[in-house]
Amino acid sequence: MAKSRLKLRFSRKLLAIPYAVFLAIFVVIPLLIIVYYAFTDADGAFTWDNIRIFFSGSGGDSFFQTARFKTFVQSFFISLTSTLVCLLIAYPVAYIIANCKLKNKMGLLLLFIVPMWVNFVLRINALKELLDWIGIYNKPGWNIFNTVLGMVYDFLPFMIMPIYTTIIKIDKHYLEAAKDLGAPPAKAFLKVTLPLSKAGIMSGVSMVFLPSMTNYVVSNYMTYNHTKIVGSLIDDFFKNDLWNMGSVTALILLTLMFVITWVTGGFDAESEVNARGTTL
């Protein structure tokens with residue numbers, strides 16, 4: 001009996017080997033390559049100049065000087081706006097679906113998930129054709145709006161799902177207790193539902209804000225390559241054989257994403273969501 005248990009435990013550990021190999025090949029090694037190019041020059045010698053050039057704007061390739069800071073600011077604005085719009089739309093939708101009286105709530109949820117089954121390029125092209133028909137595609141002054149609209153259209157389900165998952169798992173006894181203590185519905189929502197759904201909100205924010213800073217396919221399609229975000233900037237660097245500049249930009253973006261996620265409690269929020277899913 002003891003030997004069989006030992007073999008079972010040993011076999012479970014072996015199941016993690018393919019995952020570890022996958023992470024090493026497709027995550028760790030590419031990240032090390034980025035770090036190498038970020039801290040080396042064209043001759044392969046160690047240098048801090050790439051980081052200095054990024055923050056000072058002096059020296060280096062002229063293409064890098066003119067594009068880097070403006071693109072970061074624009075990307076941050078687009079990501080922040082897209083995240084806020086997604087949150088304002090997703091929270092009421094998730095709340096209504098989670099608290100509706102219908103037995104088949106998944107049917108309503110599928111209305112927002114099914115479009116994700118359609119090819120991403122087809123969906124963006126369809127939205128582009130709609131904007132072209134309206135008359136605001138590739139028009140001066142509309143490029144930022146079109147980019148935000150494309151980001152919201154693409155990432156809205158990623159905001160709805162974690163919020164819905166969190167709200168539907170809230171113990172109804174808390175709301176009943178709030179009502180018994182005389183709290184009106186609005187106050188019960190602000191004091192009970194909203195704080196308890198914070199984990200889902202933070203998880204949704206991290207799933208929208210971070211990818212929208214790099215999803216240059218949306219910005220390229222929706223603005224005919226007239227709106228640059230960090231992802232398209234990195235792509236341009238590598239296309240022009242500026243591997244050192246592209247790597248340092250990617251590394252700074254990765255660091256920025258990590259800091260934002262850590263400061264906003266995104267790591268704690270996701271772990272809390274996972275813990276609730278495990279216990280329920």
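Modeller: At this site Phe-120, Arg-123, Ile-124, Leu-127 and Leu-131 of helix H6 meet Asn-146, Leu-149, Gly-150, Tyr-153 and Asp-154 of helix H7, where contact means heavy atoms within 4.5 Å. The model is predicted: local features need pLDDT of at least 70, side-chain atom pairs count only at pLDDT 80 or more, and totals for chains, interfaces and linings use all residues. Residues are numbered from 1 along each chain as its sequence is written, and side-chain values use heavy atoms, with hydrogens and water left out.

H6 covers residues 120-134 and H7 covers residues 143-168; helices are DSSP runs of H or I with at least four residues, strands are runs of E with at least two, and both are numbered from the N terminus. Two packed helices are described by the angle between their axes and the distance between the axes. For H6 and H7 the axes come within 11 Å and cross at roughly 140°. Axes are lines fitted to C-alpha atoms, for helices over the stretch in contact, and angles run from 0 to 180 degrees between N-to-C directions. H6 and H7 are therefore oblique to each other, since angles under 35 degrees count as roughly parallel, over 145 as roughly antiparallel, 65 to 115 as roughly perpendicular and the rest as oblique.

Val-73 is partly exposed at a relative accessible area of 45%, whereas Thr-83 is buried at 5%; buried means under 20% relative accessible area, exposed over 50%, and partly exposed in between (1.4 Å probe, protein chains only). Beyond its neighbours within four places in sequence, Thr-83 contacts Met-159, Val-205, Val-208 and Phe-209. Val-73 and Ile-229 are 156 residues apart in sequence, with their C-alpha atoms 8.8 Å apart.

Val-208 and Phe-209 are among the buried residues of helix H10. H10 (residues 198-212) is mostly covered, with 11 of its 15 residues buried.

As for cysteines, Cys-86 is buried at 0% relative accessible area and Cys-100 is buried at 18%. The whole structure has 0 disulfides, a disulfide being a pair of cysteine sulfur atoms within 2.5 Å.
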